[in-house]
Amino acid sequence: AIEDTVQEQLKSLLAGGTVPDDQFALLQKRKLASMVTIKSLKVQPGAQFSNFGQKAQADLTHEMIVKGTWSEAVFKPVNVAAGGVAPTGGALHPLMKVRS
């Protein structure tokens with residue numbers, strides 16, 4: 001009976017087993033096997049999945065409060081730590097107006 005070691009090695013690789021590095025190098029040389037990296041990506045619905053396609057509201061209006069639509073509305077995030085607009089310098093002294 002003839003034993004085909006190459007066929008046994010290929011079957012073990014196909015089943016998820018391993019082959020010694022030197023034997024695998026020979027299989028690669030004969031182009032019977034190759035090293036392949038498989039990358040996969042798992043996609044799941046996140047927290048904003050139900051709000052997809054709805055336009056986010058910037059402000060809470062009187063109309064929203066009266067109708068009660070504010071409870072289902074999606075709002076844009078507010079940056080409370082923002083510095084705001086710097087105040088202007090004020091009015092010119094009357095004598096400074098004459099100078100310029």
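**The nonpolar patch and its setting**

Guide: Of the 100 residues in the chain, 8% are buried; buried means under 20% relative accessible area, exposed over 50%, and partly exposed in between, with a 1.4 Å probe and protein chains only. The model is predicted, so that local features need pLDDT of at least 70 and side-chain atom pairs count only at pLDDT 80 or more, while totals for chains, interfaces and linings use all residues. Residues are numbered from 1 along each chain as its sequence is written, and side-chain values use heavy atoms, leaving out hydrogens and water.

The patch itself consists of Leu60, Ile65, Trp70 and Phe75, which together have about 410 Å² of accessible area. Members of a patch have over 30% relative accessible area and no salt bridge; like charges are joined within 9 Å, and nonpolar side chains (Val, Leu, Ile, Met, Phe, Trp, Tyr) within 5 Å. A salt bridge here is a side-chain nitrogen of Lys or Arg within 4 Å of a carboxyl oxygen of Asp or Glu. Areas follow the Shrake-Rupley method with a 1.4 Å probe, and for residues only the protein chains shown count as cover.

Phe75 sits in the loop between helix H3 (62-67) and helix H4 (94-99). Its relative accessibility is 33%, and therefore Phe75 counts as partly exposed.

As for the setting, the chain contains 4 helices and 0 strands, in the order α-α-α-α from the N terminus. These elements are DSSP runs numbered from the N terminus: helices are H or I with at least four residues, strands E with at least two.

The radius of gyration is 36 Å, whereas a compact globule of 100 residues would have one near 13 Å; the value is taken over C-alpha atoms, and the globule rule is 2.2 Å times the number of residues to the power 0.38. Along the principal axes, the C-alpha atoms fill a box of roughly 115 × 50 × 20 Å. Of the contacts (heavy atoms within 4.5 Å) with a separation of 6 or more, 5% join residues 24 or more positions apart. The chain exposes about 9800 Å², of which carbon and sulfur atoms supply 59%.

Elsewhere, Gln9 in helix H1 (residues 5-14) is buried because its relative accessible area is 16%. Beyond its neighbours within four places in sequence, Gln9 is in contact with Val19, Gln23 and Leu27.
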